Amino acid sequence: MPDFETDILIIGAGPAGAGAALFLAKMGISSFIVDRSTFPRDKVCGDALSGKVVEVLNKLDKGWAAELNQNEKMMDSWGVTFVAPNGKSLRVPFSTKKEKKTAPGFISKRIDFDYWLIEKVKSQKQITLFEATEIRNYSRTNLGIIATAKDGKTFSAKMVIAADGAYSSFTKDIAGLKTEPQHNCFGLRSYFKNVRGLDEENFIELHFLKEMLPGYFWIFPLPGGYANVGVGMRADKMNNKKINLKKAFESVLQSNPAIRERFAGAEQMGEVKLHGLPLGSKKRKLSGDNYMLCGDAALLIDPFTGEGIGNAMMSGMYAASQAVLCLQHNNFTAAFIHNYDRELYKRLWPELQLSYRMQQLVNFPSLFNIVVNKANTNKMLRETISCMFEDIDMRARLKSPSFYFKLLFQ
Ligand SMILES: Cc1cc2nc3c(=O)[nH]c(=O)nc-3n(C[C@H](O)[C@H](O)[C@H](O)COP(=O)(O)OP(=O)(O)OC[C@H]3O[C@@H](n4cnc5c(N)ncnc54)[C@H](O)[C@@H]3O)c2cc1C
């Protein structure tokens, strides 16, 4: 006999798993959620919460985004500054709607944002959370799946929602998906205090430095005078060029003239930490008999921006809706659950595909330089790029060769 029986078991209580549990609770459905950590826990990340996170939170509770707005551990963010390989920068607001009261995005250390989310989980009576519970093994029965924890506890479920992150054992062992270097990225981050020249409106900064291409370097301001500083690069490019990401990061801080100056009086707080980013630049099979994959376990990170929190929460929302359908029809077969893949990709695939194309723009530094140069002197182009953060159809323009033709010759 298993120690616990539940219809729905969620593995991992990060944004994907917590999101799934919260959406289920909103629909009146109980779930068990287990995490190997005890919250608050750290997670290696750039800590930028995009408009998509705000969009999903608004679907859970209209008051929650406003709560973030007032929380001193969350910082409003109003835009992004791109620095092209030629050193020219371009400030792009996230929104063209100047009257917006709530910021379009936030920046918050994950230790704080994920804890805020877990507090919401703990406040729902339909959700049973098990912390410090690491799942080590899965087996199948004719009723569903049994998950066995490190301490021997067993959980039996009709449906498992696997949201156990980038190194998910469920994804590898049960769903049979492999990490492919050309669809995988590595990133590292470190916290600093007193970095000079941070943006007054907390714009996040993406620096496409010549020496880091095709990867990028970022500086994201945080509350309390902190900044999240890091680099990211596709795994196959790192392998081909034999790049040691940590050494490349240190070299930028010490040797790049523009960056070195800004870190002259800065203090590094804690160690540099590295983690994988499974990119959503390829469609995969995200479900099977009695299971769905969510968030990083479903390899859904945006291949251009490295954003994964919004897609993780979005996938949690779609998984919750599918789980409700499965319960209503008492059908947990792969054929029935495949609807989850269809619906989720219908929402995310156009932008993932587009971001994959934009990722390739970084392979053409001179084109990147031209876009930034032109946008600095052309208000309409600046506003077009700004709209791209709000509107996927606008972003689609970047796909079209005629966009670059007009840019070069008009
Ligand atoms: C360097 C870097 C920078 C990034 N920057 C950004 C950014 O600025 N903005 C952005 O949106 N995204 C960013 N991302 C991506 C983002 O961090 C992830 O996409 C996001 O955390 C995915 O959420 P998740 O819930 O799927 O997984 P996670 O947040 O990783 O949560 C998974 C949870 O599962 C638990 N778990 C794992 N294994 C087990 C197990 N066996 N049993 C029980 N529990 C388990 C873990 O403890 C964890 O709590 C970045 C990633 C990296 C590496």
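These legends describe close-up views of a predicted model.

Residues are numbered from 1 along each chain as its sequence is written, and side-chain values use heavy atoms, without hydrogens or water. In this predicted model, local features need pLDDT of at least 70 and side-chain atom pairs count only at pLDDT 80 or more, while totals for chains, interfaces and linings use all residues.

**View 1. The shell around the ligand.** The ligand is surrounded by 37 residues, each with a heavy atom within 4 Å of it. D35, G46, A48, R110 and D296 are the closest. The shell holds 15 nonpolar, 12 polar and 10 charged residues. Here Ala, Val, Leu, Ile, Met, Phe, Trp, Tyr, Cys and Pro count as nonpolar, Asp, Glu, Lys and Arg as charged, and the others, Gly among them, as polar. Several elements supply at least two shell residues each, including α1 (15-26) and α9 (309-329). Strand β16 gives the most, with 3 residues. Helices (H or I, at least four residues) and strands (E, at least two) are DSSP runs, numbered from the N terminus.

View 2. A polar backbone atom of R36 sits 3.0 Å from a nitrogen atom of the ligand. For G306, a polar backbone atom is 3.4 Å from a ligand nitrogen. A backbone N or O atom of D47 lies 3.4 Å from a ligand oxygen. On its own the ligand has 1,000 Å² of accessible area, and the protein covers 95% of that (Shrake-Rupley method, 1.4 Å probe).

**View 3. An open sheet with 3 strands.** The order is β3-β7-β4, with antiparallel pairing. Two strands pair if DSSP finds at least two bridges between them. β3 (48-49) and β4 (75-77) are at the edges with a single partner strand each, so one side of each has no neighbour in the sheet. β3 and β7 (residues 105-107) are joined by 2 bridges. A48 stands opposite I107 in β7.

**View 4. D114 and its arginine partners.** R41 and D114 form a salt bridge, with the closest N and O atoms 2.8 Å apart (a side-chain nitrogen of Lys or Arg within 4 Å of a carboxyl oxygen of Asp or Glu). R41 is in the loop between β2 (31-34) and β3, and D114 is in helix α4 (residues 110-122), 73 residues apart. R110 also forms a salt bridge with D114, at 2.8 Å. R110 and D114 both lie in helix α4, 4 residues apart. R41 and D114 are buried, and R110 is buried too (under 20% relative accessible area, 1.4 Å probe, protein chains only).

Methods. Polar contact = N/O pair within 3.5 Å; in protein donor to acceptor, adjacent residues only side chain to side chain. Buried < 20%, exposed > 50% of the residue type's maximum accessible area, 1.4 Å probe, protein only.
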